[in-house]
Amino acid sequence: MLLRRLLATRQDDAQLSPEIRAALVESLFAPLSSLAVGAIACGIIGAAVAIKANDPAILATSIAIFAVGLLRVVSAVIYKRRKLADDVAATQIWERIYEYGAWGFSALLGLLCYITLTHTTDATLHLAVATTAAGYAAAISGRNAGRPIIAVGQLTLTTLPLAISLLIYPDWLHKALGFVILMFIYGMVDITLSIRDIIIQALTMTRKEAALAARYEEQANRFDIALNNMSHGLCMFDDQDRLKVWNARFIELLNLFDAPIKVGTTIRDLVRYSIRAGNHSGRGVRSIVYELTRGLRQDHHGQVFVSVDGERIMALSRRMMADGGSVVILEDVTERKAAQERIAYLARYDDLTGLPNRNHFRERINEMLEIVREGGNQIALHLIDIDRFKQVNDTLGHPIGDKLLKEVSRRLGSVVRTGDMIARFGGDEFVILQSTPSRRQDSGRLARRLVKALSVPFDVEGHRIDIGASIGIAVAPQDGIDADELIKNADMALYAAKGNGGGEHRFFAAEMEERAQARRALELDLRDALSRNEIEVFYQPLIDLKTGEITTCEALLRWHHPERGYISPAEFVPIAEETGLIISIGEWVLQRACQDAAKWPAGTKVAVNLSPVQFRDRSLGARVVSALAKSGLPAQCLDLEITERVLLEESESTLYTMEQLKVLGVRISLDDFGTGYSSLNYLRKYPFNKIKIDRSFIADLGRDQDAPSIVRAVAGLGNSLNMIVVAEGIETEEQLRQVKEEGCHEGQGYLFGRAMPFDAIMEKLQASPAQRANLVAVA
Ligand SMILES: Nc1nc2c(ncn2[C@@H]2O[C@H](COP(=O)(O)O[C@H]3[C@@H](O)[C@H](n4cnc5c(=O)[nH]c(N)nc54)O[C@@H]3COP(=O)(O)O)[C@@H](O)[C@H]2O)c(=O)[nH]1
């Protein structure tokens, strides 16, 4: 049984961790003094017995005991010095060294007992060796129980020779003692094995605890690192609201570096320290504590916002714990709050001018319309469009345009009364909500004041800017009781105001709606007009004022509407431009005109009007090439007429398209000169072949004394720039005489002929020299 337990320890050992094995081996060498005491004590007893018995065998054995004991002490010292306990592989060798030393020492001690008991009869000597051996054996089973094979080996090697020598001793008392020693061996082996189990258990537990402690420490470290690297401040309170845990960010956020914060600090003290650190200016401890405890009283996901150091805002949130304590999280939300406020601001205000935007305006108008619906006052909506704003943007650039808009908003603000709302819808579109006009005249008066205010020139960074304003007015409840309807009607009124050249206001009228509907109907019809062959091209001649010959025929669109008859291009071309239909219609005109002109007498040119929308189209060059190629018309016989409206847009791409057209060899004329900006810069910048003086100037000849000077000046300009100058709209002989006198080269007008169909112009062009002379005579 005992033997089985002993052998089982061998198997157990195999399962022990190397560290535990090393610890067990170390326990063998650990009490160095006991080794030394054992060696000395046994050596002395041996020597004493040898002297007393005067037996050389006993003496030799005693000397051997002392020598082996000494060697064991020396080996233990070496083991300790080299710190071999940490070297798992080395401990196995040292275990063997200890084992052999221990067994050798024990065997010698057993031998000493045996020789003494068999060589002598002196009871004192017997007692000396027997007690030494038994004492040693008892000590060994405790001391080396960690390695039971060694301990049991020592026990057996020491006491078995003693027991045998006692049992064979002739005296029955010795025999009895021998028997007791055998029982002692049995008992000591049992104790050794039990102690061994306890030691192993203790070592295992210690190791587990050490591992647990290490893990705990590592986790605590990790937790500490995480806690102190959080972007949020954190503090944990007990159920009495006393501080238990806090992190570095908490101290940092509230600038509490110098505060004597410790476990147990109360919320009240924390607030006091925070005030001392320069936070919550002007506020007292009590009010802040009240605000915090009230706001954070319950476990809720909401946040309490606290302003600190006059600038930063902290969000505090609290989570209750099961033990009644709580965790409070602090977050610096200054930037987030600012961003939220900015987003909220931008959702309701125009960033550039600071005026309410469309959303804000909608909220307000809906509130006011609610009052109107309940029978309250009427309200007027003024929709304002800045005249010529696009030109300013295009010529002076967007930064100046932005500054101008700010100035405009300031001026509008100086005109309206408190209670009226000014909003910006975007671009150059402003709106004023006049709150309580008692009569229509009140709104008219305000509109006039607004137009007047905006027609005073602006000075933006040294640029004198002349704009103006067009205003459309819709009044609730007469013109609508719903925001969308009012805006739509004001828009129609604005359209009418702009249609008259701008700089004025118009009230919404029912006819506008009808006109808008008619316009929409026209727009729908126009979409199919080309495919239904309702669009035609007429030609109006341009005459050389010296020879009377037709130099050019201007292609002019005519729409033969199935119900309305001929519709003027002045009416449908703007619709075609707005809808983009002008691209396909314009291309068709270009193709048609080139094909017709190819049939005319050689050298007769055809002039085709190009709208700004066509000019924006990057494939204009390709379209012109295609029209020339299909018709076979020489490029120099095609004259493209553009107005200043074209030049106001994207100068870079305009210049590019102009250059492209020039390379093709087509001619380019500047139409309606004098009606737009009449910038001399355009004449310098773009390579025109012709300038056409607008017919309004020709009509003024004889009516306005300045008109001849203007015509003369433009003719002079054209001459010096090597451009042909055409006088448009010549209707009378007198006008013809004057334009010739002022130096114009060519003329166009009803006096020479209206726009006519292809056959008619063909007839004119093919007329006999005598007939042509008729024209010359006119000229
Ligand atoms: N982009 C395009 N625009 C086109 C095209 N076809 C015409 N138009 C533009 O439509 C506007 C109106 O044109 P229309 O009604 O044809 O008027 C032209 C002439 O009939 C008129 N005219 C000519 N002589 C006289 C005159 O002695 N008195 C008088 N009251 N009117 C006269 O002038 C118009 C031609 O002007 P202009 O183009 O400036 O040379 C007009 O703006 C056309 O440009 C087209 O295909 N594309």
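This is a predicted model: local features need pLDDT of at least 70, side-chain atom pairs count only at pLDDT 80 or more; totals for chains, interfaces and linings use all residues.
Okay, let's start with a pairing: strand β1, together with strand β5 at residues 326-332, makes an antiparallel pair over five bridges. Strands count as paired here if DSSP finds at least two bridges between them. Residue numbers start from 1 along each chain as its sequence is written. Helices (H or I, at least four residues) and strands (E, at least two) are DSSP runs, numbered from the N terminus.

Back to β1. Within the β5 pairing, M236 sits opposite V327. On its other pairing, β1 goes antiparallel with strand β2, residues 243-246, over three bridges, and there F237 faces L243. That hairpin has five residues between the strands, and D241 takes a positive phi near 60 degrees.

Now compare strand β19, residues 690-693. K690 and K692 point one way, I691 and I693 the other, and all of them are buried. As for neighbours, strand β18 (residues 667-673) runs parallel to β19, joined by three bridges, with L670 opposite I691. Strand β20, residues 724-727, also pairs with β19 in the parallel sense, over four bridges, and K690 stands opposite I724 there.

Next, the open sheet. Five strands, in the order β7-β8-β6-β11-β12, with mixed pairing. The edges are β7 (421-426) and β12 (505-507), each pairing on one side only. On average, neighbouring strands in this sheet are turned by 20 degrees against each other, direction ignored.

On to helix pairs. At what angle do α2 (residues 18-29) and α8 (residues 172-228) cross? Roughly 125 degrees, with the axes coming within 10 Å. That makes α2 oblique to α8; the cut-offs are under 35 degrees for roughly parallel, over 145 for roughly antiparallel, 65 to 115 for roughly perpendicular, and oblique for the rest. The α2 and α8 crossing is right-handed, meaning the near helix is turned clockwise from the far one by less than a right angle. E19, I20 and A23 of α2 meet L203, T204 and R207 of α8, where a contact needs C-beta atoms, placed from the backbone, within 7 Å. By class, that contact of α2 with α8 has three nonpolar, one polar and two charged residues. The nonpolar class is Ala, Val, Leu, Ile, Met, Phe, Trp, Tyr, Cys and Pro; Asp, Glu, Lys and Arg are charged; the others, Gly among them, are polar.

The other pair is α18 (residues 510-529) with α19 (residues 569-579): axes within 10 Å, crossing at roughly 75 degrees. These two are therefore roughly perpendicular to each other. The contact brings R519, L522, E523 and L526 of α18 to F572, I575, A576 and T579 of α19, which by class is five nonpolar, one polar and two charged residues.

A quick stop at L346, in helix α12, residues 334-348. Buried or exposed? L346 is exposed, because 12 other C-beta atoms lie within 10 Å. L346 and N357 are 11 residues apart in sequence and 8.3 Å apart in space, C-alpha to C-alpha.

Last, the whole chain. There are 30 helices and 21 strands, and 36% of the 779 residues count as buried. Of the contacts with a separation of 6 or more, 62% come from residues 24 or more positions apart.

Conventions:
Axes are lines fitted to C-alpha atoms, for helices over the stretch in contact, and angles run from 0 to 180 degrees between N-to-C directions. Two residues are in contact if their C-beta atoms, placed from the backbone, lie within 7 Å. A residue is buried if 20 or more other C-beta atoms lie within 10 Å of its own, exposed if 12 or fewer, and partly exposed in between; C-beta atoms are placed from the backbone.
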